[in-house]
Amino acid sequence: MPKKYHISPKATPLDLDFVYKFKIVRGENCINCGKCTKVCIYEAHKRRKDDPRKMADPNTVACRNCFRCIQECPQGALEKSLEKDYLNIGGAYWKPDMLISLWKQAEDGQVPVSGAGYRGTFTGTGFDSMWTDMSEIVRPTRDGIHGREYINTAVDLGRKLNHLVFDADGQLVSEVPDTASLPIPILFDIPAPNLSSNVKEALVQAATEINTCIIMPAAEITPEFEKYSHNIIPCLMPAEIDTHETVLKKARFVSIEYSDAVPNALPDLKEKIKKFNHALTIIRVPAGKDVESIVAKLVHSGAEIIHIVADYRGWELNSSAGRDGRLLKDIIRAVHLRLVEDRIRDEVTLIASGGIAMAEHVPKAMLCGADLTAIDIPLMVALGARVYEDPVKLMIFPEGLDKIPLSIVTQRMVNLIGAWHSQILEMMGAMGIREARRLRGESGRAIFFEEIDRDTFGNLFRTKKRKAANL
Ligand code: SF4
Ligand code: SF4
């Protein structure tokens with residue numbers, strides 16, 4: 001059995017202001033009987049340390065909204081009320097509940113639970129219109145988190161051969177391209193601009209600790225990051241390759257920004273980069289309307305890894321969200337199917353980013369056809385950043401974040417990815433898939449709402465329409 005990949009979470013509360021959905025208030029009529037300390041399994045109610053005869057203020061952060069303490073308080077002294085700020089954060093995509101859930105996962109690295117059960121809708125847009133086939137959930141041995149069955153989340157990056165060729169003596173004739181593996185299908189994407197040096201270093205440390213990589217503008221990789229070279233992917237324009245020779249010499253992967261000249265120049269670019277350190281080349285392609293044609297062209301030109309980048313809500317770039325654009329789920333499916341049609345799917349690794357907001361989006365993106373994903377905003381929410389969508393994208397960091405020790409900031413990001421890793425294991429176990437590599441394009445394990453809606457009701461409505469048109 002291969003050595004198990006494990007992320008060690010550690011309770012790491014961040015003593016900074018964040019938004020909560022409900023505030024718990026203990027009224028004056030409390031008689032300090034302590035019953036709420038016993039009924040709340042999340043320890044949101046405790047006695048005061050300095051005077052145990054009295055109750056401390058309720059810890060809203062720990063609350064999971066089960067309402068048990070409210071029901072069982074003999075005095076009716078506890079009240080829960082909706083926080084005003086809760087309604088203002090996020091937007092149509094980054095919903096307030098999502099942000100609060102990410103924050104909580106960063107606190108302790110645990111799989112999020114909702115004491116009040118799931119109350120959302122069962123379909124929506126993008127990844128919300130996609131369900132996964134969990135028919136294997138009944139098998140008690142398939143428990144990835146507790147290690148009853150080994151579920152491997154490792155993925156490979158690089159170009160693969162469609163088939164191997166041997167000569168008459170049985171010797172391998174095919175030249176096998178270089179590949180590299182990561183233990184988890186999540187990269188850290190380019191950090192937001194103007195982050196403090198503390199946060200930037202924490203991102204790099206967290207990526208190193210969980211053994212993934214962070215994509216960073218090559219110009220920002222200063223000498224103090226040298227010791228993390230194995231886990232940093234420099235990102236640059238093709239013309240900047242010679243300028244950043246020192247950084248590229250230590251890199252395992254190099255990310256190149258796409259331009260119209262890249263497909264023709266690709267063989268030379270790859271050659272140039274390989275001379276430094278046998279690094280694999282990633283082409284970073286904006287997810288615009290013609291992304292599938294661009295990706296196909298790049299693969300025909302020899303691209304080994306392509307990173308498709310949608311906007312921060314997963315929309316196609318340069319589209320008016322919700323009207324004429326596609327969401328990341330549909331973009332990945334279109335690109336994957338185009339490569340399958342061209343019979344070149346195995347020759348390239350696809351990374352997808354933009355709108356990967358929750359753990360479930362990772363396996364869903366892979367079922368649609370991505371090999372792995374890249375994230376940025378969730379890592380910032382782990383540090384207490386509030387995200388706003390309207391009228392423009394805005395991320396506000398809590399005051400005092402710069403004074404928080406580096407180890408705490410790093411551990412919160414490690415916790416978040418630890419919680420995501422556990423959720424990915426749970427989903428894979430429930431789907432009966434033990435290798436993350438097998439998730440790619442495994443659409444038979446997914447149910448797409450649009451498709452079942454069309455299959456169930458499509459004919460009915462088409463008939464009515466035809467009838468109305470006298471056809
Ligand atoms: S159960 Fe009610 S009365 Fe008893 S300590 Fe808690 S809040 Fe006070
Ligand atoms: S509502 Fe539930 S989780 Fe929240 S404090 Fe009360 S008992 Fe604890």
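Is Ser353 buried or exposed? In this predicted model, in which local features need pLDDT of at least 70, side-chain atom pairs count only at pLDDT 80 or more, and totals for chains, interfaces and linings use all residues, side-chain values use heavy atoms, with hydrogens and water left out. Residues are numbered from 1 along each chain as its sequence is written, while chains are lettered from A and ligands numbered from 1 in the order in which they are written.

Ser353 has a relative accessible area of 1% and is therefore buried (under 20% relative accessible area; exposed is over 50% and partly exposed in between, with a 1.4 Å probe and protein chains only). The residue lies in strand β12 (residues 349-353); strands (E, at least two residues) and helices (H or I, at least four) are DSSP runs numbered from the N terminus. The side chains of Ser353 and His307 are joined at 2.8 Å by a polar contact, that is, a pair of N or O atoms within 3.5 Å, where within protein one must be able to donate a hydrogen and the other to accept it, and residues adjacent in sequence count only if both atoms are side-chain atoms.

The whole structure contains 34 salt bridges, each a side-chain nitrogen of Lys or Arg within 4 Å of a carboxyl oxygen of Asp or Glu. One of them pairs Arg412 with Glu107, with the closest N and O atoms 2.7 Å apart. This pair links helix α12 (residues 406-431), which holds Arg412, to helix α4 (residues 96-108), which holds Glu107, across 305 residues. Arg412 and Glu107 are both buried. A network of salt bridges links Lys289, Glu292, Glu316 and Arg326.
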